[in-house]
Each structure stands twice: as C-alpha cells, then as structure tokens.
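Open the model in your viewer and keep the selection tool at hand. The stops below start at the ligand and end with pairs of helices.

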Amino acid sequence: MSALQAAVERRGQQIFDLVDQNPESLFTKAGFYQRMMAFSMRDETFKVQMFRFVDVLASLRRSNDIVNHLREYFHGMDGVVPMLQTGLRAAGIFPWLTAFVLRRNVSGMARQFIAGRDGADVMKTLRKKRRQNIGFTVDLLGEAVVSEREADEYAARAMELLDTLSRETRGWTDPLGKNTELFPVVNLSLKISAFYSQMDPAAPEEAVEHLAAKLRPILRRAKEVGVFVNFDMESYAQKNGTLDLFKQLFTEPEFADWPHVGIVIQAYLRDAERDLKSLIAWGRKRGTRFAVRLVKGAYWDYEKIIAQQNGWICPVFLQKPESDANFEACTRILLDNESIVTAAFGSHNVRSIAYAMSYAEEKGIDKSRFEFQLLYGMAGPIKRALVELGYRVREYSPVGELLPGMSYLVRRLLENTSNEGFLRAKFSENLSAAELLRDPNELIKPEAIRSSREPASGHSRNGADRETPPGDSYENAPLINFVHPQNQQQMRSALQAARSQFGKKYPLVINGEKVTTGKWMPSVNPSAPNEIVGEVAEAGVPEAERAVKAASAAFEHWCRTSVEHRAQLLERVAAIMERRRFELAAVEVYEVGKAWDEADGDIREAIDFLLFYAAQMRILGRPKLTQHVMGEESYQHYWPRGVALVIAPWNFPIAILCGMVSAAIVTGNTVIMKPAEPSSVTGALLMELFEEAGVPRGVLNYLPGHGSVIGQHLVDHPEVVMIAFTGSREVGLRIWESAGKTRPGQRELKRVVCEMGGKNAIIVDSDADLDETIVDSIYSAFGYQGQKCSALSRMIVLEENYDRVIERLLAAAASLKVGNPENPGITVGPVIDERAYKRILEMIEAGKKEATLAYQAKDIPKDGYFIPPTIFTNVKPTARIAREEIFGPVLSVIKVRDLDEAVEVANSTDYALTAGFFSRSPANIHRMKAELEAGNVYINRSCTGAVVGRHPFGGFKMSGGGTKAGGGDYLLQFLIPRIVTENIMRHGFAPEETPRYRDEFLVRQPGTTVVEGAV
Ligand SMILES: Cc1cc2nc3c(=O)[nH]c(=O)nc-3n(C[C@H](O)[C@H](O)[C@H](O)COP(=O)(O)OP(=O)(O)OC[C@H]3O[C@@H](n4cnc5c(N)ncnc54)[C@H](O)[C@@H]3O)c2cc1C
C-alpha cells in the first residue's frame, strides 16, 4: 500500500470515528422526510412519483388540486407506503387538512436544504453556523430565467443580497484566524445562466460580452466591500462560456489584481483536468491568486440523457469511481499549484475529503490554506468532524422561495437517494470504513471505459425485422454539438466558403446530363435580398417531357435492382452528406435564412431519412409469409410504382426533399425532383450528392421551375404514377384533385402523398411548469421564424394561470434575438421571401383588428425580410389569426375556462398536424393523449423538432393524408403490395414447414444473377 493510501485511510478513519461519536441518520429531519426518503430508496417507482409530486406541489394553490394530484401520483401504491392509504382516505374527507399537512411537510423538507427566504432571513442560519465555526457561501435560487427581465431582476436581487450580507456580517472574524486574507467572510456563489436568458453555446463570445456587462457592477461592489465571488458551474452546454467569462473578466485591469474570485471545476467531466490546467496557466499569467472549488458535479443524470438524445459522446464519466479518481487527480493539480490557486473541496465523500487532507499534508500545505465546502442541510456529522479536526469548513447555503427552490430540492433528494452516492452508502447502507476508503482507481472497470467513449446510444441495430418497432432498431445520426469550438470554427469556415460560391449557376439534370434552358432563376438571401446565392436553370414543359421520358426508361432497369443495391445507394449518399455537412448547412443559412443549429438539424434529418429508409427497405423487401397453412404458401411482397414526382417545400430544403426522394428511390421508383423555388440551390446540391454516390442515369432528375408551369404539367402527366408533395394546403388540394382524374394513356391510379400545413396549438394547464412551458413554447412559435409546419401558432391557456403565463411569455419574447442567422446565437431570422413577408404583415394587420397586440419586437434589421416576433392576446378561437395558417413569427394566445374548453378550441381548426400540452397532472396528461386531434401530440416539450424513427411525422384533416414521414409504414406509400400464392401440395403430400421470409422475387436477366442498375 502506498504511503498516501495509508494516510488516506488513517485520516478517513479519524473522520469516521468522529462521525460515529455523534451518530445521525442521513436524514436529519425525523418523521415525514425520513420516511419518504426511506420508501424512495426501497421502491424506484415510488421515488419517481414522490419527486414529481414534490416538484408540482409548490405551484398548486387550491386544496382540491393538491389532493387530486396526490391521488393521481400515488394511485395504486398504498401497498408500498401503508400510510398513504390513511392519507388518501383522509384527503377525501378533509381535503384542506391533507393539503395543509402536505404543504407543511414538503416545505419542511425544502427548508432542510434552503437556508433562508431572503438575505434577512438567511442571517439567522448564518449566525447559528458561525457559532459552530462554519462559514458560508450564499447562493441565490431562481436561476431558471426565461427572459431578460427576469435576468435583470435576478441581478438586482444578487446585488441586494451582497449588500445585506456584507452589512450584517460587519465585525465577523475568520474562524481559524490564520491566512485570513485568502478567505473573506462573505462568499457569494453566482449561477451565470441566471444573468442571461439567451445564452447560446454556438455564440460564446456574444454571451461573454453580454454577461460581462451584466456582472461588472456586482463584481465592482463585491470588490469594494471585500466579498468573495464564486462562479458556480452548471450544465456542460454552458461550461466553456463560463470559463471564458471568468478569464476575460478577471483579466480586465479593474479586476486583474483581485484575488477573491473563484470558479468551479466538475470532476465528473472528461474535460475537467484540461480545463483546470488551462485555468492555472491563465492564473499564472495573470499573476494574482484565485480560487477553484472542486466538485464532482450536480447534473450527471441530465448530461447523460442529453448526450443520449442527441447521439453525442457523453461529457461525463459513466463509472462513479472514474469521477472519484478524477476528483483526486484534480486535487493533486490544485495542491501542486497552491502558490497561485486556493483550493476548496466541495464533497461529502469522506474518501475524497481524506485524500485532499493527506495530499496537502504530504505537500506540507497548512490546513488553513484551503477549505472544505459542504451543502447546507447535508452531512452534518462530517462538517462537525472537520471542524473538530481544525479544518476550514464553509457551507453552501441556498436562499430563495419554495417555488424556485424546487429544482434545487429535487437535485438534493436525488443525490441523497442515489444508488451510487457516498451519503447513502455510509449513512443508509452502513458500508464499512474500509469499503468506503478504497482507492477509486482500483474500482474502475477498464472494459466499461472503452464503451463509454463511444457516442451515447440507446439503441441496438441488431435484431431488426418486420416485427420489431421500426424506430427501435434505428440509431439516429448525431446533431453537431456547437458547444465545441472546433465545430463553431468549421461552421464559420463553411459560411465563408459558401459565400465565395455566390452567383454560381446550376443546370438541370435530366437523364444524367446537365441541361440549360437559357432561362435562369435567381435564388436570393432573404437576410440580404440583393445577394444572389445562386442561379438555377428554369425548366419548361419540354424539359419536363424529357425528364418523364428519362425516368420512365430508367424505371425499366431500376425496378429490377435488388433492395440491397438500392439501400446501399442511400447509405453512400448519407456518407457524402455527412462529409459535406457543414457546407450544406451553410448554404441553407444563406438560401433560406436558417439559424446554425436549425440548418444542421435539417441535414441531420436528411441523413436519418436516408439511413432509416435504407434499413426499412431491407426489412420490407423480403417477401413475408401471410399465414401458416399446410399445402399452400402465400407471400406478400411489394413492387415499385413507376415514375414519382417529388415536389418539396423550402422550409426543410434538404430534409424533406431528400426524405421523399430517398423513399421513392429505395422502393425502386424513379424520380423527378422539383425543389421549391426559393431553395433550388440547396436542391441542386442534393442532386450532386446523389450523382457522386452513383445514382444511375434517369433514376433521379433535377427539375427546378415554376410550379404553375411544370408542376401542374407533371402532376397531370399520364406516365407520372405517384406524387409526393409537401407544401401549402392550397397547392396540396389542387394536386389531390388533379391527380384523381384519369387521363388518356394513363395506366395506373395515381398515388398522392400529400403533407400540408397546420394551425398548431399548445394547451397550458393550471399546474404546468412555467419555466419549461415558456422556453419551449417560445422556441416552438419563433424558432425558424415560425416557418415550420409544426410551429406553435395558438397558445391556449387556462384562465387560472393566464396572467402569470402572459407576463413571462411577453418578457421572453422581448428577449429573443432577431437578426441575420449568418451570425451564431440568432433565434429569429428573416422569412423566406417578399411574398411571405407581405402576407404575414397583412395577417398581423388583420390580427390588430380582431385581437390585442400584446407584443411586437421593435429592434429588427432594416434590410431583408425580417418580421418582428408578434404576440396577440384576447384572441377569439373564431378569429382569422386563430384559424388561418400564417407561417411566420406570430403567436395567438387564447384564454379558456377549463380543460374542456381548451380541447374544444384546440381541435376546432381545419388542421391536425401537431399539438402540445404542458401539465403535471397525470390524469389530465392521460386525457390529452387521447383527445388532442393531431398527427403528432407532444406532452411537456416543444411541438417542433420531430426526429426520424422516434417521432414519425405527419397529420390528418387538412394537414395531410395521414402518412408518416420517418415512420415504419411510410415506404408503403411508394409501393404496390402483391400476394403470390403457390399450391405446394403434390398428391396429398406437403412440407410441414414453410419459411417465414423468402428471398426477393427479382426478375433475372439471362446469364446474370441480378441486374444492378447499370444503365
Ligand atoms: C459546496 C458545494 C458546492 C457545489 N457546487 C457545484 C457546482 O457549482 N456545480 C456542480 O455541478 N456541482 C456542484 N456541487 C456538486 C454536487 O452538487 C454534488 O454535491 C456532488 O457531486 C456530490 O459529490 P460527493 O463527492 O459529495 O459525493 P459522491 O457520492 O462521492 O459522488 C456523487 C457524485 O458522483 C458522480 N456520479 C454519480 N454516479 C456516477 C457515475 N455512474 N459515473 C460517474 N460519475 C457519477 C456525480 O457527480 C454525483 O453527484 C457542489 C457540491 C458542494 C458540496
């Protein structure tokens, strides 16, 4: 055993001995809290329901609501928690009493972790702790700000708190009386995200500039009155910005000589060591001491889920001992650099604490030169032991009201009940000191490290067949994570490169040949309409005829290629798309005005369509036995239809176009692809991708042109057997009708896949979590300027919550960043073209006559097709703005009495595309799942952003024909089902077994096996 390990064990044992002298349960508050936590650790379902109930309770005002929620959350659980039965029975008789008792108990629980309501209130706690020789750092709760107004209020409260604390602690002295210059009595912890509601990881410079301006007055005051300021660390998305901000601010001449500043390093992050070393190098260059609080990290579950949802490499370690070992590695770095950095160790883990003590001792660093920080309300005996051993102890003391404190409370409850946490192991499961003091390096499993470095995934590709739910076996392409500076840089370079291609000409592609017509259609940048992104050749009727001929001829061969061959073509396109990903996204930024992440999301979706449809076709392509019956076998399989016309919109210029094209091609059809006029350049690039991947001549033809000229001609063409259309209701219905007519020479009934618009609603229940509701609704309504067919257009709010919702909603809208999306961090860019611009303005004018204009942005760019984000209130469900699709950044808010009226209003339009519901009532959620008329219903999240395979997308009523892009049955639209039946009985004898699947029924050419599309 190393000398250091021996010292750690000795020190650890010493702490344990002291802790055991004053035994205390993990849950110091007896009664309700203790019992709830014990049940939570015993039963995972109860724990989930319990934490959810705690989360909603603070926002419930009426006794009946509390009792109803209690019933809904704990229905059927009285077996787990016997006292629930009594509680629920009592609730039926005396709801007010039950509500009162519950509220009191949960408030008591929160008070265990929240040190005071405000500056004045917290002083009682701080004085008490001072008598125990425990210092403090105060943290202001309420960091979930959704608008700049809330951020300003938070900043004002932080300033007030700072003043109160410095005034009330005048004359307080350092508990150790040594090295006091390093540790001011008043220590304030700041959560940076609370000072800016529009932080975007893709635009760290912008966030730093904004935050620096916001924080300077507070820092100035703190420096003046001798208060220490610490920057807390939050989620990974904000980490780089917080580090940059810290370095920039404290290099400024005004603060460069100020030693009383600190920042948090989270050891659960793989980046922790690198960030810490970079901070120390910065500190040495600066030449003034600073502090680092080393913690493991509070957002472990969150980071893991976000990484998994987006297909990112998980930024946190996945094995607990890895975080513990990294904590120790960072401890060594901190203490090795004690000459420039003051260490604070934020942990309740005796092993982590003992390690810091022992290493400091080994380095000869005096106890008074670093400190241990622990959370208020947790690990009391450990704090006492540390004080007794003569160490510096500071308590992290949150201040705030119950409602904003709920997320903090739930984090603490999770931490206290976590299976892997130290506190549970020691105080609830009573593990031995020897177990608890083991070297974490010995506990790391090497094989698990390897797999944890792969991008997070919740899926397995294995085992996919026609019985497996389609989304289940598909692993989505990851989104680009703009948190990483190299991705920001790549996007900037791609934008420059795309700009250098402005004005380029793109010919038609018919039968593999480049064709020009003498007519060019310019495609302009909607942010700066004088900039021509590119010009595409304009097809007329003669080119349309040539394209039909080419596609018909190619179909003869393409329909006989194997499924595998066609699937591989799509996969090659996906690989090229991945390689050219930034380039394509950059062109979208210019051609259709998408923000960086929206543009990347579009490319990601296209890659998903390609790979998902390839995988689906492999499954669909195998003839499948319909029924087991002796003496006969019947197999269902599919034929392609023929020439497909694909007419796509501009709002998802690669994804939707590519989705429809790839579905048609992989199913064996040939395609005439007509992109929308405003996104024809992007369409040309998609054609390039297919060509590079080796699409045979005539299988895909690129035919931009005017809908009224070639669109109509092709829809009516007898040789076009299928039309895949996504776009406006007006055009969609015309196509639907036109395709229904049978014309001379037509051999097939035309199949139409028709996806149209929406008038999407989100209902806000009276118990909704407003932090979430506002952020997600604002994003749903104004992301990509409201030009998604899934965008939120009607917000239906229950009257009980109405005023609170409106107040926060309007302030959040006022904080949105409107501008040219070439710059990162923009939420609202320009609308697509002049026609849209005029039409939306006209709808806004109509809205002013029929409702109250509650908010309209003023500060918007002068050039370009920028429409100010606009919110109407007092909107009647019958108003034009509440019924007609606007396709722009305009939101109507409708007040309703109750949920019955809300559903009636939500379902009252012609459309049924997306709908959303924010609520924390399990019964109401259940009801909305059943009753909302929409193809895609979203609960407690935004109503946009469908992911292929996960959220097959498409609506009904006037939103579409009920098809689901990105779903398991989408490809069937492009196919004709056939049944082939064979009598396999010979003279009364038949095989017992028939295989479930057969190989494809492919037309074979003499002397070859399969024709592979070599045309
Ligand atoms: C004073 C103080 C201030 C703090 N400030 C911040 C802050 O600004 N930002 C912040 O993010 N956190 C902060 N924390 C840390 C956080 O809130 C937790 O308290 C802390 O992570 C618990 O660690 P521990 O050493 O006490 O307990 P332990 O039980 O030893 O460690 C638990 C921690 O290990 C990690 N972990 C759990 N499971 C796994 C796993 N499977 N794989 C890898 N790692 C895992 C998690 O970080 C978890 O919190 C602070 C903590 C304290 C005490």
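**Stop one: the ligand shell**

Sorted by class, the shell around the ligand holds 13 nonpolar, ten polar and eight charged residues. Here Ala, Val, Leu, Ile, Met, Phe, Trp, Tyr, Cys and Pro count as nonpolar, Asp, Glu, Lys and Arg as charged, and the others, Gly among them, as polar. This is a predicted model, in which local features need pLDDT of at least 70 and side-chain atom pairs count only at pLDDT 80 or more, while totals for chains, interfaces and linings use all residues. Residues are numbered from 1 along each chain as its sequence is written, and side-chain values use heavy atoms, with hydrogens and water left out.

Select Gly297, Ser323, Ser347, Glu415 and Phe422, which come nearest of the 31 residues around the ligand. A residue is near if one of its heavy atoms lies within 4 Å of the molecule.

Next, colour the elements that each supply at least two residues of this shell: strands S4 (261-266), S5 (290-295) and S7 (371-375), with helices H13 (320-336) and H16 (402-417). Helices (H or I, at least four residues) and strands (E, at least two) are DSSP runs, numbered from the N terminus.

**Stop two: polar atoms at the ligand**

Show Lys296: one of its polar side-chain atoms is 2.8 Å from an oxygen atom of the ligand. Then show Ser323, where a side-chain N or O atom lies 2.6 Å from a nitrogen atom of the ligand. At His348 the backbone takes part, with an N or O atom 2.7 Å from an oxygen atom of the ligand. The ligand taken alone exposes 940 Å², and the protein buries 94% of that (accessible areas by the Shrake-Rupley method with a 1.4 Å probe).

**Stop three: helix pairs**

Axes are lines fitted to C-alpha atoms, for helices over the stretch in contact, and angles run from 0 to 180 degrees between N-to-C directions.

Now select helix H24 (residues 596-620) and helix H25 (residues 655-666), whose axes come within 8 Å and cross at roughly 15°. That makes H24 roughly parallel to H25. Angles under 35 degrees count as roughly parallel, over 145 as roughly antiparallel, 65 to 115 as roughly perpendicular and the rest as oblique.

Terms used
Polar contact = N/O pair within 3.5 Å; in protein donor to acceptor, adjacent residues only side chain to side chain.
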